[in-house]
Amino acid sequence: KQTKVWERRITGWTPWVPFSPDLEQKARLAALESIKKSALDMGLYAEARKSAETAIRGLLRAMGAESVEFAPSS
């Protein structure tokens with residue numbers, strides 16, 4: 001939803017690219033996987049998980065929970 005295709009036609013610069021109706025979707029999925037891998041490699045996932053657990057733990061304790069545990073990530 002956050003991407004935009006600027007040009008769809010094959011030009012003199014891209015004659016080697018065969019027409020594929022699902023090329024845009026494949027490109028978006030490849031980009032998403034690359035972003036996920038980079039985030040994991042940089043430790044952003046672990047950092048985001050820790051922040052989320054802290055926020056959720058605080059919310060649940062404010063609502064009266066005495067103990068909050070999280071399952072290990074897979």
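Reader: What does the secondary structure come to?

Author: Two helices and zero strands. Keep in mind that this is a predicted model.

Reader: How many residues does helix α1 have, and what should they span?

Author: Helix α1 takes in residues 23-42, which is 20 residues. At 1.5 Å a residue they should span 28 Å. The end C-alpha atoms are 28 Å apart, so the two values agree.

Reader: And α2, what should that span?

Author: Helix α2 covers residues 44-62. Its 19 residues should span 27 Å at 1.5 Å a residue. Its end C-alpha atoms are 27 Å apart, so that agrees as well.

Reader: Which residue just after α1 takes a positive phi?

Author: G43, with a phi of about 85°. Just after α2, G64 also takes a positive phi, of about 110°.

Reader: Switching to burial. What share of the chain counts as buried?

Author: Of the 74 residues, 3% count as buried. The accessible surface of the chain comes to about 7,000 Å². Carbon and sulfur atoms own 62% of that surface.

Reader: Which residues make the nonpolar surface patch?

Author: I56, L59, L60, M63 and F70. The patch has an area of about 460 Å².

Reader: Let's take L60. Where is it found?

Author: L60 is in helix α2. L60 has 33% relative accessibility, so it counts as partly exposed.

Reader: What is L60 in contact with, leaving aside neighbours within four places?

Author: A65 and V68.

Reader: And R61, which residues is it in contact with on that basis?

Author: With neighbours within four places left aside, R61 is in contact with E66 and V68. So V68 is a contact of L60 and of R61, because each has heavy atoms within 4.5 Å of it.

Reader: On to charges. How many salt bridges does a search of the whole structure find?

Author: Four. I can take you through some of them, including the one between D22 and K26.

Reader: How far apart are N and O for D22 and K26?

Author: The distance is 3.8 Å, N to O. That counts as a salt bridge because the cut-off is within 4 Å. D22 is partly exposed, with a relative accessible area of 36%.

Reader: What about D41 and K37, what's the N to O value there?

Author: Their side chains meet in a salt bridge at 2.7 Å, N to O. D41 and K37 are four residues apart in helix α1, so about one helical turn separates them.

Reader: Is D41 buried or exposed?

Author: Exposed, at 57% relative accessibility.

Reader: Which residue does E53 form a salt bridge with?

Author: R49. The closest N and O atoms are 2.9 Å apart. E53 and R49 both lie in helix α2, four residues apart, about one turn of the helix.

Reader: Is E53 buried or exposed?

Author: Buried, because its relative accessible area is 18% and the limit for buried is under 20%.

Conventions:
Residues are numbered from 1 along each chain as its sequence is written. This is a predicted model: local features need pLDDT of at least 70, side-chain atom pairs count only at pLDDT 80 or more; totals for chains, interfaces and linings use all residues. Side-chain values use heavy atoms; hydrogens and water are left out. Patches are made of residues with over 30% relative accessible area and no salt bridge: like charges are joined within 9 Å, nonpolar side chains (Val, Leu, Ile, Met, Phe, Trp, Tyr) within 5 Å. Accessible areas come from the Shrake-Rupley method with a 1.4 Å probe; for residues, only the protein chains shown count as cover. The expected span of a helix is 1.5 Å times one less than its number of residues. Buried means under 20% relative accessible area, exposed over 50%, partly exposed in between (1.4 Å probe, protein chains only).
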